[in-house]
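Work through the exercises below with the structure in view. Try each task before reading its solution.

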Amino acid sequence: MNGLHALNVNFASMQANNKIVIRDLTLEMLTEKIVGFGESAFRAKQIYEWLWKKSAMDFAEMSNLSKNLRALLEEKFTINPITVDFEQKSSDGTIKCRFKLHDGHLVEGVLIPAEYRMTACVSSQVGCNLGCTFCATGFMKVKRNLEPYEIYDQVVLLNRAALAHHKQPLTNIVFMGMGEPLLNYNNVLAGIEKITSENGLHISSKRITVSTAGLAKMIKKLADDDVKFNLALSLHAADDIKRSKLMPINEANNLNDLVKALNYFFDKTGNRITFEYILFDGINESMEDAKNLVALCSKVPARVNIIEYNTIREADFHKSKEEQRERFIAYLETHRVVAKVRRSRGKDIDAACGQLANKG
Ligand code: SF4
């Protein structure tokens, strides 16, 4: 995937202002350019280190380069960093950041502090075309995919927010923000490669979870590409009729196809799947629904995260009542399904699951 991305660079990375997007270049490509300017290859290494390991967002930060070289870099290249456009802190410590991309588009990321974790929830696309009926992002059509460096920058900036507000670095990263990560496959994998690399942020793949609405073909591709990160499926219903109503993508990727793809993924990677299940009042919370979920869990090595829903103004869904939720979970536990409840965080600032839609 990276190779393919690199091949496209010469054509795709030149901006309208004739500057080259420097973070589209591999170290080899950057070295060639820098040596072409009459500088040593060692300078290219230093620049590369500033760009990734030290997460410089401006050439002016590159303090071990001469003033002339920094000016030349400024003239020929652009870093295209993302910036924090707006930040909101919830009463529970959750922080929502609205990020501005170099072309003015906005995406959101969320920092979720918990007792033993500091999780960054990042976006993969500007908007989303999958139209899940309960999701605020699903009401915004996709504008474009995020670039690998824009995915990387969200992690850098959320880590800075974690250090500034909670004095702790990130421990986990989840791709559960705006967009369907597997529809921006190459860039998401290239971004994760940089996040995990020793030459980048050096965060373990085991701490990263990519969450998909369920594209069977792409799940198999992940397995064939031998990825090391974790995979979560936004399930929300364990029968096709209900799931297709909640998530139209299910019509072309039904549960049978997904079960096959997820088992393929597990067999190749050894990583158990997480099923994300939002309990909606009167929709997917009955004992029949719990029974379907138990049956599904007998077909795939999986654990279940039960997620609390937050109402959005675009759709008429409500979270389950507490006693119904308890009944549902008790049924799963009696049938030996490992289920964790994830209380919703950041509700007061629209940072909770399904609420990201650039409302500011
Ligand atoms: S839940 Fe995810 S896949 Fe579905 S519309 Fe929202 S962002 Fe897209």
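**Exercise 1.** Determine how the residues of the shell around the ligand divide into nonpolar, polar and charged.

*Solution.* This is a predicted model. In the shell around the ligand, five residues are nonpolar, four are polar and none is charged. To check this, list the surrounding residues: C128, L130, G131, C132, C135, T137, G138, G179 and A213. Cys, Leu and Ala count as nonpolar, while Gly is placed among the polar residues.

**Exercise 2.** Find what the salt bridge between D103 and R144 ties together.

*Solution.* Start with the contact: the side chains of D103 and R144 form a salt bridge, with N and O 2.7 Å apart. Next, locate the partners. D103 sits in the loop between strand 4 (95-100) and strand 5 (106-113), and R144 belongs to strand 8 (residues 144-145), so the pair ties together parts 41 residues apart in sequence. Then classify each partner. D103 has a relative accessible area of 37% and is partly exposed, whereas R144, at 18%, is buried, because buried means under 20%.

**Exercise 3.** Is D289 buried or exposed, and which residue does its side chain meet in a salt bridge?

*Solution.* The relative accessible area of D289 is 4%, so D289 is buried. Its side chain meets that of K242 in a salt bridge of 2.8 Å, N to O. D289 lies in helix 10 (residues 287-297) and K242 in helix 8 (residues 240-246), so this pair links distant parts of the chain, 47 residues apart. K242 is partly exposed, with 27% relative accessibility.

**Exercise 4.** How many salt bridges does a search of the whole structure find?

*Solution.* The search finds 15. One of them joins K228 and D226, whose closest N and O atoms are 3.1 Å apart.

Definitions and conventions. Residues numbered from 1 in each chain as written. Predicted model: local features only at pLDDT ≥ 70, side-chain atom pairs only at ≥ 80, totals over all residues. Heavy atoms only, no water. Near = heavy atom within 4 Å. Salt bridge = Lys/Arg side-chain N within 4 Å of Asp/Glu carboxyl O. Helix = DSSP H or I, 4+ residues; strand = E, 2+ residues; numbered from the N terminus. Buried < 20%, exposed > 50% of the residue type's maximum accessible area, 1.4 Å probe, protein only.
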